[in-house]
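User: I would like to learn how to read contacts between side chains in a protein model. Could you take me through the structure below, one feature at a time?

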Amino acid sequence: MKILAFAGSTSSTSINRELVKFVLKDFQNEEINLIDLNDFDMPVFSVDREKKGFPDQAHHFLKVIEDCDVIICSLAEHNRSYSAAFKNVFDWASRINVKVFQNKPMFLMSTSPGGYGGGNVMNTAKTFFPQFGADVKETFSLSKFYENFDLEAGVIEPEMLKDLKDKILNFKNQITN
């Protein structure tokens, strides 16, 4: 199975990237493509720029999705929505193929330093991603990242860790059946 994994952030210290990397430890026997949104830097989307053609990086983003079997991502929340970097990649890609996620099974996550765990971006993505071809099989939000996550050990709060492990197992069962 080919897994595409990414964080919806371009931060060099992305907590969402750390969450993705922790979850990927449960998929070590699979082929993993962990991408960095910094590799998909494009001009800010506008219809005027679209008239001049699509950036190669937008096509490349769609190609890495095409080449995977499943998607594991964790979205950063900026001002209660997607990060500008992710939204820009998404906007460009969706103008080429409205079904950006190409009906791939997805494990959708979010985390934040606050108590809501990126819940706003999670709620938005759960609502809209299926309209863009995401087959969201499982979701997980980790609140208070700096209290509940250790860079060496991963999720350290026992109930949250159990919840995450249960969701990973459920996701695996759904994609292999």
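User: Which residues form one aromatic cluster here?

Analyst: Phe6, Phe40, Phe61, Tyr82, Phe86, Phe90, Phe101, Phe129 and Phe132 form that cluster. Rings of Phe, Tyr and Trp (its six-membered ring) pair if their centres lie within 6.5 Å, and planes under 30 degrees apart count as stacked, over 60 as edge-to-face and the rest as tilted. Before we go on, note that this is a predicted model, in which local features need pLDDT of at least 70 and side-chain atom pairs count only at pLDDT 80 or more, while totals for chains, interfaces and linings use all residues. Residues are numbered from 1 along each chain as its sequence is written, and side-chain values use heavy atoms, with hydrogens and water left out.

User: How is a pair of aromatic rings described, and how many aromatic pairs does a search of the whole structure find?

Analyst: A pair of aromatic rings is described by the distance of the centres and the angle of the planes. The search of the whole structure finds 19 aromatic pairs. In one of them, the rings of phenylalanine 45 and tryptophan 92 have centres 5.0 Å apart and planes at 85°, so this pair is edge-to-face. Phenylalanine 45 lies in the loop between strand S2 (31-34) and helix H2 (47-50), whereas tryptophan 92 lies in helix H4 (residues 84-96), so the pair ties together parts that are 47 residues apart in sequence. Helices (H or I, at least four residues) and strands (E, at least two) are DSSP runs, numbered from the N terminus.

User: Are phenylalanine 45 and tryptophan 92 buried or exposed?

Analyst: Buried means under 20% relative accessible area, exposed over 50%, and partly exposed in between, with a 1.4 Å probe and protein chains only. Both phenylalanine 45 and tryptophan 92 are buried. Another pair joins phenylalanine 90 and phenylalanine 132, whose ring centres are 4.9 Å apart with planes at 70°, so the pair is edge-to-face. Phenylalanine 90 lies in helix H4 and phenylalanine 132 in the loop between helix H5 (119-128) and strand S5 (134-142), so parts that are 42 residues apart in sequence are tied together. Phenylalanine 90 and phenylalanine 132 are buried as well.

User: Which are the buried residues of H5, and what covers them?

Analyst: The buried residues of H5 are Gly119, Val121, Met122 and Ala125. They cover an arc of only 160° around the axis (the arc of the directions from the helix axis to the C-beta atoms), which puts them on the same side of H5. What covers these residues includes S3, strand S4 (104-111) and S5, where contact means heavy atoms within 4.5 Å.
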